[in-house]
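Hi,

Here's the structure I said I'd pass on to you.

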Amino acid sequence: MSIEKFTPNWMTEEHQMVYDSALKMFKSWQSKDEEWRKNGMIDRAAWEEAGAMGFLCASIPEAYGGGGGDFGHEAALLYAQAEANQPGFGGMVHSGIVAPYILKHGTDEQKTEWLPKMATGEYVAAIAMTEPGTGSDLQNIKTYAVKDGDDYIINGSKTFITNGQHANLILLACKTDREKGAQGVSLIVVETDKAEGFERGRNLDKIGMSAQDTSELFFSNVRVPQRNLLGAVEGKGFIQMMEELPRERLIIALSGVGAMKLAINLTLDYVKEREAFGKPVWRFQNTRFKMAECYADYLAASSMCDAAVDAMLEGKLTVPHASLIKYWVTQKQCEVIDECVQLFGGYGYMTEYPIARLYADARVQKIYGGTNEIMKELASRFM
């Protein structure tokens, strides 16, 4: 059994082919899933495979080594990854977030230097905003960079950084002027293979997303060339982040829709096979009503996200729209998967079952990319 949704306007035949091919690849990784979860990260070889398949930087122009696609290609990849239950792969941070920052805000030299390496998987990218004492309040980050000759010297720390253990390239939010608030924030690219004084902390032990490396990062007098300042103009980092965060929030929502679909399909299969009181659990009216409610939430969430993809492709996705979509979809994701776990009964609480992993993995969706409380606060400012 597989639930269906309306065919989105953005989904062309090419996007469908990307989705089908990516789904096949991500499903082939399932045999390694247990090992990756135990290790706390996927293998570097998986990144290289994704690069060889053209699934890294799919929306980056071919001139910079990318696939030459659009955001619809990233959306197709997101749906495929979520529906294959492979949340450990940080490809969307790498391709869907960091690469567009460089493409949109970087100099020609920066784009030519970094994007081709990201497209092949030679470089794995991360974005480092959050600090131990600063989450959603990006104006008050403490990590700082001071000029010294032709370089910056960077000091500070970051935490909860996706791809932190693998990253060769880190897009670092820091203060280049500590006397200013938002106007003192800049984004500097740190190439970790060349950075003395850079250290990776522990790979953080999380409730869910156990195959995704999430790290602490430390910068102690790290010397970085001034040419690594994204866009070559100081003090633009906060504006750059505000412009790109709607994309990140839509990416989070899209992964939530894919997870909802998988959870519903798994649960439908289970309740039609599992018997209670001499009949399949599906035969109970409560089960059918609960599944219908979950399906309705999925249809609403997917339709909302597909409309947002259209808006993104047209350059019209706004801050309040992205904020509210991220809030509402991730809230529904958690509610739907909770209902599915309930229908699994005790087995739904066992981590050997994918539904239990989906439940644990879903919770962070309401936190990262800006907490859902912050999403409502942001949206209300435009009302």
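One term before anything else: a residue is buried if its relative accessible area is under 20%, exposed if that area is over 50%, and partly exposed in between (1.4 Å probe, protein chains only). Ala-311 is buried by that rule, because its relative accessible area is 17%.

Two notes on where this comes from. This is a predicted model, where local features need pLDDT of at least 70 and side-chain atom pairs count only at pLDDT 80 or more, while totals for chains, interfaces and linings use all residues. Residues are numbered from 1 along each chain as its sequence is written, and side-chain values use heavy atoms, with hydrogens and water left out.

Back to Ala-311. You'll find Ala-311 in helix H8 (residues 285–313); helices (H or I, at least four residues) and strands (E, at least two) are DSSP runs, numbered from the N terminus. Leaving aside residues up to four places away in sequence, Ala-311 touches Lys-316 and Leu-317, where contact means heavy atoms within 4.5 Å. Gly-237 is 74 residues from Ala-311 in sequence, and their C-alpha atoms are 24 Å apart in space.

Now the rings. How many aromatic pairs does a search of the whole structure find? The search turns up eleven. Rings of Phe, Tyr and Trp (its six-membered ring) pair if their centres lie within 6.5 Å; planes under 30 degrees apart count as stacked, over 60 as edge-to-face and the rest as tilted. Phe-26 and Trp-29 are an edge-to-face pair, because their planes are at 90 degrees, with the ring centres 5.3 Å apart. Both Phe-26 and Trp-29 are buried. Phe-26 and Trp-29 also belong to one aromatic cluster with Trp-36, Trp-47 and Phe-89.

Then look at Phe-198 and Phe-219, whose ring centres are 5.4 Å apart and whose planes are at 50 degrees, so this pair is tilted. The pair links distant parts of the chain: Phe-198 is in strand S6 (residues 198–203) and Phe-219 in strand S7 (residues 214–225), 21 residues apart. Phe-198 counts as buried at 12% relative accessibility, and Phe-219 counts as buried at 3%.

A charge sits over a ring if NZ of Lys or CZ of Arg is within 6 Å of the ring centre and within 35 degrees of the ring normal. Arg-178 has its charged end over the ring of Tyr-144, 3.7 Å from the centre. Over the face of Phe-284 you'll see Lys-279, 4.5 Å from the ring centre.

On to salt bridges. Side chains of opposite charge can pair when their charged atoms come close. The cut-off for a salt bridge is a side-chain nitrogen of Lys or Arg within 4 Å of a carboxyl oxygen of Asp or Glu, and the structure holds 24 of them.

- Asp-33 bridges to Arg-37, with the closest N and O atoms 2.8 Å apart. The two lie in helix H2 (residues 33–39), four residues apart, about one turn of the helix. Asp-33 is buried at 8% relative accessible area, and Arg-37 is buried at 12%.
- Lys-194 bridges to Glu-191, with the closest N and O atoms 3.6 Å apart. Lys-194 counts as exposed at 58% relative accessibility, whereas Glu-191 is buried at 11%.
- Glu-335 bridges to Lys-332, with the closest N and O atoms 3.3 Å apart. They are three residues apart in helix H9 (residues 319–344), so about one helical turn separates them. Glu-335 counts as partly exposed at 34% relative accessibility.

There is a network too: salt bridges with shared partners join Asp-33, Glu-34, Arg-37, Arg-357 and Asp-361.

Last, the strands. Is strand S5 (residues 185–191) mostly covered or uncovered? Mostly covered: seven of its seven residues are buried. Val-185, Leu-187, Val-189 and Glu-191 point one way from S5, while Ser-186, Ile-188 and Val-190 point the other way. S5 pairs with strand S4 (residues 169–175) in the antiparallel sense over seven bridges; two strands pair if DSSP finds at least two bridges between them. Leu-171 has Val-189 in S5 as its bridge partner.

Cheers
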